[in-house]
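Look at where two of the chains meet. The paragraphs below go through that contact step by step.

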There are 12 protein chains.
Amino acid sequence: MRLLLINGPNLNLLGKREPDLYGSSSLEAIEDSLQLKAKEIDVEIDCFQSNFEGALVDRIHQAVDKVDGILINAGALTHTSIAIRDALLAVNIPYVELHLSNPYSRESFRQKSFIADRALGVVSGFGMMSYQLAMDGLLSYLREATK
Amino acid sequence: MRLLLINGPNLNLLGKREPDLYGSSSLEAIEDSLQLKAKEIDVEIDCFQSNFEGALVDRIHQAVDKVDGILINAGALTHTSIAIRDALLAVNIPYVELHLSNPYSRESFRQKSFIADRALGVVSGFGMMSYQLAMDGLLSYLREATK
Amino acid sequence: MRLLLINGPNLNLLGKREPDLYGSSSLEAIEDSLQLKAKEIDVEIDCFQSNFEGALVDRIHQAVDKVDGILINAGALTHTSIAIRDALLAVNIPYVELHLSNPYSRESFRQKSFIADRALGVVSGFGMMSYQLAMDGLLSYLREATK
Amino acid sequence: MRLLLINGPNLNLLGKREPDLYGSSSLEAIEDSLQLKAKEIDVEIDCFQSNFEGALVDRIHQAVDKVDGILINAGALTHTSIAIRDALLAVNIPYVELHLSNPYSRESFRQKSFIADRALGVVSGFGMMSYQLAMDGLLSYLREATK
Amino acid sequence: MRLLLINGPNLNLLGKREPDLYGSSSLEAIEDSLQLKAKEIDVEIDCFQSNFEGALVDRIHQAVDKVDGILINAGALTHTSIAIRDALLAVNIPYVELHLSNPYSRESFRQKSFIADRALGVVSGFGMMSYQLAMDGLLSYLREATK
Amino acid sequence: MRLLLINGPNLNLLGKREPDLYGSSSLEAIEDSLQLKAKEIDVEIDCFQSNFEGALVDRIHQAVDKVDGILINAGALTHTSIAIRDALLAVNIPYVELHLSNPYSRESFRQKSFIADRALGVVSGFGMMSYQLAMDGLLSYLREATK
Amino acid sequence: MRLLLINGPNLNLLGKREPDLYGSSSLEAIEDSLQLKAKEIDVEIDCFQSNFEGALVDRIHQAVDKVDGILINAGALTHTSIAIRDALLAVNIPYVELHLSNPYSRESFRQKSFIADRALGVVSGFGMMSYQLAMDGLLSYLREATK
Amino acid sequence: MRLLLINGPNLNLLGKREPDLYGSSSLEAIEDSLQLKAKEIDVEIDCFQSNFEGALVDRIHQAVDKVDGILINAGALTHTSIAIRDALLAVNIPYVELHLSNPYSRESFRQKSFIADRALGVVSGFGMMSYQLAMDGLLSYLREATK
Amino acid sequence: MRLLLINGPNLNLLGKREPDLYGSSSLEAIEDSLQLKAKEIDVEIDCFQSNFEGALVDRIHQAVDKVDGILINAGALTHTSIAIRDALLAVNIPYVELHLSNPYSRESFRQKSFIADRALGVVSGFGMMSYQLAMDGLLSYLREATK
Amino acid sequence: MRLLLINGPNLNLLGKREPDLYGSSSLEAIEDSLQLKAKEIDVEIDCFQSNFEGALVDRIHQAVDKVDGILINAGALTHTSIAIRDALLAVNIPYVELHLSNPYSRESFRQKSFIADRALGVVSGFGMMSYQLAMDGLLSYLREATK
Amino acid sequence: MRLLLINGPNLNLLGKREPDLYGSSSLEAIEDSLQLKAKEIDVEIDCFQSNFEGALVDRIHQAVDKVDGILINAGALTHTSIAIRDALLAVNIPYVELHLSNPYSRESFRQKSFIADRALGVVSGFGMMSYQLAMDGLLSYLREATK
Amino acid sequence: MRLLLINGPNLNLLGKREPDLYGSSSLEAIEDSLQLKAKEIDVEIDCFQSNFEGALVDRIHQAVDKVDGILINAGALTHTSIAIRDALLAVNIPYVELHLSNPYSRESFRQKSFIADRALGVVSGFGMMSYQLAMDGLLSYLREATK
């Protein structure tokens with residue numbers, strides 16, 4: 001089984017800035033830890049981060065026929081990008097939306113998500129642990145679906 | 001460590017009605033499975049379900065000083081009950097909001113939650129697996145907090 | 001054929017208070033009269049009233065496999081209870097929403113109904129006669145459906 | 001006693017188009033059946049249908065002093081015509097609003113009615129049976145009022 | 001100088017129904033009185049009333065090159081008809097919007113006018129006198145404009 | 001008979017600034033002309049202008065028992081002052097709201113009036129002539145009322 | 001004279017939780033102190049608290065003919081319960097709405113009250129003292145009314 | 001193949017009024033030119049214009065079983081008529097919505113269309129050319145569909 | 001201890017106009033009675049009323065360092081004046097908002113208060129008694145705070 | 001004559017994904033077919049697609065003085081990008097907005113377009129044929145304009 | 001060159017109250033410093049502050065023909081006064097809106113300005129420095145305009 | 001001291017297109033002039049422009065620890081990009097938002113800024129001079145802060 005982990009704008013700063021809000025682990029650490037845990041259960045994870053909406057769309061396109069599920073933390077683009085929604089629907093791969101912090105406790109414009117309604121599930125608020133939970137949920141779904 | 005799992009209105013019907021929407025496991029099965037997994041890691045879980053808002057409020061009150069964290073699937077009351085919000089804030093116990101289905105793919109009135117903004121985190125859309133993920137997320141937080 | 005008549009909060013006061021608004025018949029009189037007319041055409045009607053949302057949800061659950069159709073005057077809960085909506089949809093029994101008075105001539109918050117969009121039909125404004133009309137409409141539908 | 005039955009735009013197509021939505025009886029059949037039932041209880045019913053708002057307004061005006069009650073299915077004009085509202089209020093004859101289908105299960109713009117708040121009562125969703133129920137409700141009211 | 005007086009739906013009932021709201025003069029009396037006063041100052045007034053939006057549009061079209069100004073009480077169509085607005089703008093004749101009663105003291109949907117923003121002026125609330133005032137205002141403007 | 005003419009903020013500039021929008025007559029000229037015409041029919045008019053909301057409120061209070069009707073062009077305060085509304089309702093004197101220009105053709109915030117719903121009538125858009133029409137309408141009403 | 005004091009959800013926690021927000025007196029202490037002060041002026045006060053909307057509705061029903069006025073702190077139900085509103089209107093007993101804290105300084109959803117518009121008066125923000133003030137205001141009204 | 005071209009209110013004035021906004025061709029010229037081009041490719045076009053909503057509804061009804069596709073420029077009724085929507089859906093004939101000018105560059109109330117969401121396609125802003133493009137698009141679709 | 005009582009626009013008319021709405025006591029009587037009761041408990045009250053927002057702002061400024069608490073019935077300015085809000089916050093003196101009538105039972109624009117969210121507490125609906133209750137509440141708070 | 005065809009995010013997937021929604025032609029096929037038809041009438045078309053908003057803006061800038069008209073299917077950016085609007089207005093080249101599907105039949109957020117109000121015209125819903133129609137409309141306009 | 005500096009309600013308190021929010025310079029100090037800097041470049045500045053909207057309107061009127069530009073910090077009246085807007089537009093003098101603090105970081109009602117859309121420019125958030133920047137911007141514009 | 005000047009989409013066209021709206025200076029000229037003036041007071045300014053949101057986010061990230069303040073004219077992205085907001089908050093460098101034109105005099109969607117509420121200050125409407133004023137304001141703040 002193969003997954004794609006996508007991180008959107010500003011998530012490259014993880015662990016470097018605003019640790020109170022986002023925790024102290026770097027994105028690399030999160031990616032490494034996730035890949036390690038995945039490997040133990042024979043799952044491969046490709047990781048991609050970009051601050052460009054277009055690059056995220058391109059990367060999602062490339063996932064066609066190569067990936068069984070997508071984990072996506074689109075960052076600020078969650079709330080503004082219909083292009084990413086369209087890309088996710090076009091490739092027709094099950095995906096899970098995840099967030100480090102809880103968008104409901106933040107500015108009101110973070111409560112609109114353009115990808116949530118078509119997501120398999122949503123996980124938010126658990127910091128770095130959100131990645132782990134989202135992967136567990138996605139894998140559980142994929143295993144059920146391929147039974 | 002001790003947790004409280006609260007299920008709101010209509011969740012007693014789990015597994016009996018609308019399996020397409022909510023899956024085929026009964027609430028008892030979900031509770032048992034959760035308690036089993038918890039026991040392995042030395043965590044106790046009290047389970048409570050009611051169709052009465054008042055009973056849910058009462059049960060939350062009783063958790064004071066006895067429970068380290070709450071898992072709550074308030075069902076329809078998620079969207080209409082300020083009393084449950086007030087109860088959760090009053091007892092001041094960290095809680096995770098969870099849903100079997102993804103509220104964003106359903107009626108628009110399910111997109112308002114009176115408890116999400118003060119929740120530690122939110123998990124939705126993974127069916128029965130949502131309970132497992134919510135517990136994992138809550139425990140991960142509690143362990144971090146008590147370190 | 002067997003029906004369930006559900007009356008929500010404050011309808012136990014019928015005939016006792018505000019006769020100008022709700023008429024002078026007591027709820028018992030309405031129930032008796034309806035049961036009488038039903039009996040003539042070999043229809044049984046169970047009647048239930050409660051001021052507790054949870055009790056109404058419980059009663060709807062018990063109707064599974066025992067009742068062919070539901071007549072429901074949810075009173076004020078019509079406008080605030082998603083739990084009752086969920087219960088009605090879960091048991092999947094055809095139901096008719098009814099009101100003694102016409103909600104459109106009253107406060108604007110009475111114009112939102114959480115159960116109307118999934119109801120078989122809606123009858124309002126005819127006072128005590130609303131119950132009779134709702135039963136006639138429900139039976140007409142059930143007979144058609146079971147032909 | 002004398003009633004007026006008014007049907008608005010597109011209801012002349014009843015039974016000819018979209019039977020799934022509106023049933024298979026023609027408007028004539030509905031009118032005949034209603035008149036027959038009415039005759040048995042010594043009630044006369046005038047029937048009128050038009051696709052022109054102006055013609056409906058004219059017809060309502062002519063009802064002054066000749067009609068005891070009005071049954072009106074204004075079709076699409078229910079949601080857009082203040083002129084029909086004004087005509088109904090001007091002639092000051094009790095009226096019942098009725099619909100074949102349940103407007104709440106359809107497009108959101110069908111949930112605004114310009115005549116409901118001043119109607120004696122509203123009946124919707126019972127197909128052809130809605131006409132019968134509306135007549136029963138109107139007659140019950142008129143008999144009570146003239147006692 | 002030549003004017004056109006247009007009255008919309010239900011205004012044919014003036015003086016016959018709801019005298020408390022609209023006064024006791026018939027539309028004919030209002031038209032006659034206005035024509036009389038106009039004749040004294042060498043002004044001709046054509047009068048037209050219809051309950052059909054289409055007929056009002058047609059009549060406005062016919063005014064091209066024959067009429068110097070329009071007095072319009074569009075009744076309920078004031079609030080719902082863009083077709084009348086378009087007709088008035090197309091013929092490009094100065095017009096005054098008038099109402100017998102004050103729309104601001106009535107239902108909120110009467111506070112939207114599709115013709116007010118392009119009207120020369122608006123007069124409302126003076127009952128039958130509104131017609132007189134609207135004519136005076138229109139003539140005053142036309143005289144000024146043709147100086 | 002005695003009237004009070006009240007002009008609100010910036011109307012002291014009439015004729016001096018923005019003649020395209022408001023005409024070229026000064027406020028004094030308008031007041032004089034109105035008083036002249038009034039005198040011919042034995043009506044007295046007191047005139048008052050202020051840029052202070054408080055002064056307008058005070059002046060309205062002083063009108064109690066001395067004035068039969070009020071003509072008010074509250075200018076910008078039409079859209080923002082509830083205090084003037086309260087003053088007009090407190091003294092309980094019939095009043096007419098008037099405007100030189102047509103508020104519907106201007107900024108959207110000019111379409112809210114805090115005094116229109118309780119006014120006897122409203123006149124707008126006829127420039128200086130609005131004053132004359134408003135006075136005619138008010139006097140016509142007062143004569144009718146005192147018959 | 002006899003009063004009924006009703007406290008809604010979570011108010012049983014008074015003095016035990018969140019003293020910064022709600023003060024350090026227990027509900028029992030508040031009830032006792034109020035009853036004591038009432039007794040001095042020959043007023044009896046029945047006290048009732050419940051976390052169940054249905055129980056509050058039932059209790060209000062029982063007050064018919066036994067109670068001269070109601071003091072109600074409906075807690076979170078103030079903002080969500082139409083059933084309590086209906087119960088208060090049905091029994092037709094003058095009531096005062098009261099709150100310990102000032103709802104205007106809290107979440108925006110606390111600014112909607114379903115009972116305020118029909119209340120005799122509203123008192124909020126004075127902590128435990130709100131009960132005293134509400135009682136004083138209610139008694140002052142009742143004495144005036146029975147003079 | 002046979003098409004129906006429907007033009008709504010005020011379009012009879014085309015070429016006669018407001019050439020800047022709508023161009024200088026008369027409606028007859030547009031209809032003739034369209035019929036000519038259609039004849040070359042063996043397509044017949046019936047043309048109908050009315051200022052009456054009811055007449056447009058009637059004409060759409062008559063198209064049943066006689067027409068393969070409808071071109072409709074409903075003019076102002078685009079934004080206000082649900083009856084035309086219902087007629088189009090009832091006859092179940094593919095239709096294209098067209099406009100001479102671009103509704104997005106005009107008043108905001110022209111941005112609501114009651115027929116667009118069920119149209120095969122929409123063409124606007126190309127003046128007289130909009131008719132040609134709409135016909136080309138409709139024919140292209142019909143040919144594809146009947147292949 | 002020293003208090004300042006501020007009354008806004010139109011409150012100088014108290015007892016003179018609209019006694020049904022505001023009671024029959026004059027403002028002077030209310031002020032005298034309040035000062036008398038205050039004197040008994042060694043509290044001084046300065047009283048100020050103006051119909052000018054600017055004068056109210058000035059008076060609030062002068063209270064700095066001279067007054068321990070403010071009672072304010074800002075009348076209509078409650079709903080429109082941010083300047084008074086700013087003045088109250090600038091002088092940083094605890095204040096109580098009070099109203100004679102209950103704003104919730106009146107026009108919807110009276111339900112917005114620019115000062116309520118920063119007030120110590122709010123009292124409304126008790127007529128003249130509102131002043132007494134507001135003073136009691138304010139003094140109770142001040143005594144607690146200075147303990 | 002020279003045109004520029006711009007396609008926004010995800011349109012590179014045309015023909016590869018979701019053929020039901022977008023048809024089975026690839027973007028290359030559409031571009032080739034359009035260029036072929038254009039060449040026959042001596043029109044050149046440059047084609048550009050990107051998933052990056054910035055690249056689309058850059059490409060529009062380069063069109064200055066080189067292109068007579070723009071055909072733009074901005075995809076999801078239609079609804080979210082003000083930068084593209086600004087670019088189109090800055091280069092001041094007439095443009096036509098086009099869509100394969102009909103945005104009115106899809107999610108509500110697709111009904112907001114940031115470029116429609118300044119477009120020469122809009123074509124939507126005809127699948128691949130939309131490109132042809134948009135080109136025809138644009139050329140027709142350009143020929144008229146350069147006559 | 002001659003400028004007018006206008007300060008609205010509560011700005012007389014500058015430096016005396018809430019230094020954290022508004023800085024520690026008094027209004028006099030700000031005015032003096034501004035006049036000093038202006039004098040160096042041969043610019044005269046008249047300064048005016050009032051807590052009365054009417055006085056601000058009067059002062060703006062007096063500026064006609066005497067002043068080349070206006071600097072205005074209308075304080076709370078920025079958000080509520082249409083009268084000041086009208087005065088500024090009537091005198092037709094270029095003006096700059098300025099604020100000490102940044103209104104966007106404060107209450108939402110401070111984000112509406114009735115004067116911003118017609119201002120030459122807006123400066124906010126720089127404390128006392130906002131005055132200097134606004135003057136620099138205004139002078140730069142005036143010099144350009146008079147070149 | 002070191003500043004970063006960031007210009008967003010379409011600002012590379014400055015001086016080349018729409019001089020009436022944006023002035024006739026090129027972006028290079030503005031940058032040069034600003035750098036020159038800065039050099040005189042020993043301030044260095046890095047300049048960056050891009051039409052890509054992602055590039056702007058990247059550039060902001062690089063400013064960490066190298067820049068004391070940011071001047072940002074985000075152009076159209078001001079109104080649509082939460083990613084830029086997040087980048088600015090993440091690097092935690094004081095920034096000033098600036099605009100050449102006054103967004104309040106333009107389309108309503110330009111009145112929402114995603115960066116204004118956390119900006120040190122905002123300057124708009126002074127054309128090229130806005131850059132100078134923004135720099136002066138930023139430097140004045142930085143000097144104060146580092147005192």
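Two strands count as paired if DSSP finds at least two bridges between them. Strand 5 of chain C, residues 121-124, meets that rule with strand 5 of chain D: the two pair in the antiparallel sense over three bridges. One bridge joins C:Val122 to D:Ser124, the latter in strand 5 of chain D. Keep in mind that the model is predicted.

Now widen the view to the whole interface of these two chains. Chain D brings 20 residues to the contact, and chain C brings 21 residues. Together they bury about 1700 Å², with 61% of that area on carbon and sulfur atoms. On the chain D side, the residues that lose the most area to chain C are D:Tyr104, D:Val122 and D:Phe126. Together these three make up 33% of what that side buries.

What about polar and charged links? Nine residue pairs are in polar contact between chain D and chain C, counting pairs with both residues at pLDDT 80 or more.

Which elements of chain D supply the side that touches chain C? Strand 5 (121-124) and helix 5 (129-146) each give at least two residues. Helix 5 of chain D gives the most, with six residues. By residue class, the side of chain D that touches chain C holds eleven nonpolar, seven polar and two charged residues.

To locate the contact in the view, start at the antiparallel pairing of strand 5 of chain C with strand 5 of chain D. Then find helix 5 of chain D, residues 129-146, which also supplies residues to the side that touches chain C.

How values were computed:
Residues numbered from 1 in each chain as written. Chains lettered and ligands numbered in written order. Predicted model: local features only at pLDDT ≥ 70, side-chain atom pairs only at ≥ 80, totals over all residues. Heavy atoms only, no water. Contact = heavy atoms within 4.5 Å. Buried area = accessible area lost by both parts, 1.4 Å probe. Polar contact = N/O pair within 3.5 Å; in protein donor to acceptor, adjacent residues only side chain to side chain. Helix = DSSP H or I, 4+ residues; strand = E, 2+ residues; numbered from the N terminus. Nonpolar A, V, L, I, M, F, W, Y, C, P; charged D, E, K, R; others polar.
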